Amino acid sequence: MQEARHGTRETAGDAAASAADAATRSASALARANVALVKYWGKRDEERNLPAVGSISLTLDGLEALATVRVCRDGEPRFRTNGRPVEGLAAQRMARFLDDLAASGEGGAPLLAADVEANFAVGAGLASSAAIYCAVTAAALAVLGRRVAAEELSGLARLGSGSAARSVYGGLVEWSRGVAPDGHDSVARQLLPESAWDLAMLVAITSEEMKRTASRDAMRAVAETSPLYRGWLDAQEEDLAAMRDAIARRDLAAVGRIAEENCLRMHATCFAARPPIVFWTPATLAVMDAVRALRDGGTGAYFTIDAGPQVKVLCLRADVDAVAERLAAVPGVRRVLRSGPGRGVEMVRGEAPWR
Ligand code: PMV
């Protein structure tokens with residue numbers, strides 16, 4: 001997490017723009033997507049969006065959401081992505097989140113609106129909600145003039161989308177389950193800074209469609225109907241401890257093995273739900289096979305899959321070309337995004353609200 005350093009986004013008219021901002025009260029923050037290597041799957045409290053398990057993720061460079069939050073008038077769209085008003089449940093969810101943030105401060109509760117520019121597909125299993133809600137939280141707090149500790153920023157972002165708690169920090173990040181009923185201890189912390197390990201993550205895009213089942217609906221269905229959910233919960237602490245240890249040792253083979261096992265266990269809970277939930281397509285399976293083939297050929301590559309059909313592949317930066325080429329050749333893969341460890345949330349316009 002850092003202060004504003006987006007020189008490229010600053011223009012000569014900045015001073016004038018900041019003066020105008022002060023009058024209209026707006027602020028902009030940039031946050032990146034993150035991909036969990038040990039997954040958040042299931043909630044212990046739906047209302048407070050508290051996870052049933054801890055999780056560990058990698059914040060991704062280049063998959064960014066830039067959120068501008070401003071005070072708006074009644075009737076104006078409260079949530080736009082890439083210039084277009086968002087409709088339906090996603091819009092209601094954002095409006096409620098902004099209202100809750102505004103109500104939690106002192107001195108009235110202004111009506112807030114969020115304009116988000118994302119440079120990657122929204123709602124297609126690419127962790128867009130993590131980047132969006134993290135950036136919106138930081139920008140909204142700046143508009144509201146609130147100052148919070150970094151952990152509190154993480155806890156507030158969590159209320160919008162669980163995984164957003166992790167995008168506050170760069171590199172490898174752990175979000176604790178916490179035990180407190182009010183959730184104050186369910187916040188993220190950095191395990192390893194983004195510059196500490198030359199990792200790469202590739203995303204094999206197998207479909208650009210909106211996902212059929214939202215993560216939160218799938219989590220609820222799994223918790224209510226899947227006989228494998230209990231086993232998932234019971235196995236998580238061991239994965240978290242082993243992953244912390246593997247990260248501290250920079251042991252890619254161990255990190256990759258734990259990530260694959262954890263991902264398959266999460267998806268197993270979905271297959272066993274009633275009715276079953278299957279996020280995969282034939283291309284998803286074909287990419288998993290290609291990753292195993294890369295490993296058989298001596299390249300350290302490991303997959304993980306979230307609540308969608310895309311496959312994320314972890315490897316060393318030195319191997320990124322070879323891995324990208326192999327993934328792009330898999331039938332059904334539309335394109336391959338290349339990324340690596342990214343920074344935490346940053347202010348682009350306005351004062352950072354965290355200490
Ligand atoms: O943050 P949400 O509500 O979009 O849920 C994210 C769930 C997974 O992406 C499947 C796992 C994770 O830890 O990010």
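Reader: Over which residues does pLDDT stay under 50?

Author: Over residues 2-13. pLDDT is the predictor's confidence in each residue, from 0 to 100. This is a predicted model, where local features need pLDDT of at least 70, side-chain atom pairs count only at pLDDT 80 or more, and totals for chains, interfaces and linings use all residues. Residues are numbered from 1 along each chain as its sequence is written, and side-chain values use heavy atoms, with hydrogens and water left out.

Reader: How many contacts does the model have for residues 2-13?

Author: It has 23 beyond four places in sequence. Contact means heavy atoms within 4.5 Å. Residues 15-23 are also below 50 in pLDDT. That stretch has 4 contacts beyond near neighbours in sequence.

Reader: OK, and what pLDDT does the chain average?

Author: The average is 91. At least 70 is reached by 91% of the residues.

Reader: Let's go to β1. How many of its residues are buried?

Author: 13 of 13, so strand β1 (residues 26-38) is mostly covered, as buried means under 20% relative accessible area. Over 50% is exposed, and in between is partly exposed (1.4 Å probe, protein chains only). Strands here are DSSP runs of E, at least two residues, and helices are runs of H or I, at least four, numbered from the N terminus.

Reader: Which way do β1 and β4 run?

Author: Antiparallel. 11 bridges join β1 to strand β4 (residues 55-71). In that pairing, S28 stands opposite T68 of β4. Two strands pair if DSSP finds at least two bridges between them.

Reader: And how many bridges link β1 and β14?

Author: There are 3, again in the antiparallel sense. β14 covers residues 346-349. Opposite L30 stands E346 of β14.

Reader: What holds paired strands together, in general?

Author: Strands of a sheet pair through backbone hydrogen bonds, either parallel or antiparallel.

Reader: New topic: helices. At roughly what angle do α2 and α4 cross?

Author: Roughly 145 degrees. The axes of helix α2 (residues 88-104) and helix α4 (residues 150-160) come within 9 Å. Axes are lines fitted to C-alpha atoms, for helices over the stretch in contact, and angles run from 0 to 180 degrees between N-to-C directions.

Reader: Is the crossing left-handed or right-handed?

Author: Right-handed. That term applies if the near helix is turned clockwise from the far one by less than a right angle, and left-handed if anticlockwise.

Reader: Which residues meet there?

Author: From α2, R93, F97 and L101. From α4, L156, L159 and G160. They divide into 4 nonpolar, 1 polar and 1 charged. Ala, Val, Leu, Ile, Met, Phe, Trp, Tyr, Cys and Pro count as nonpolar, Asp, Glu, Lys and Arg as charged, and the others, Gly among them, as polar.

Reader: Back to strands. In what order do the 4 strands of the open sheet come?

Author: The order is β11-β12-β10-β13, with antiparallel pairing. β11 (302-304) and β13 (335-339) stand at the edges, each with a single partner strand, so one side of each has no neighbour in the sheet. From one strand to the next, the twist averages 25 degrees.

Reader: How many bridges do β10 and β12 share?

Author: They have 6. M201 stands opposite L314 in β12. Strand β10 (residues 199-205) also pairs with β13 over 5 bridges. There, S339 is the bridge partner of M201.

Reader: And how many residues lie between β11 and β12?

Author: 6, and the two strands form a hairpin. They pair over 3 bridges, and T304 stands opposite K312 in β12.

Reader: Why is β12 called largely enclosed?

Author: Because 5 of its 6 residues are buried.

Reader: Which strands does helix α8 lie across?

Author: Helix α8 (residues 252-271) lies across β10, β11 and β12 (311-316), at about 30 degrees to β11. Helix α10 (residues 320-328) packs on the sheet too, touching β10, β12 and β13.

Reader: Last one: is A204 buried or exposed?

Author: Buried, because its relative accessible area is 0%. A204 is found in strand β10. Leaving aside neighbours within four places in sequence, A204 is in contact with V287, Q310, V311, V333 and R335. T284 in helix α9 (residues 282-296) is also buried, at 0%. Beyond its neighbours within four places, T284 is in contact with T206, I305, P309 and V311.
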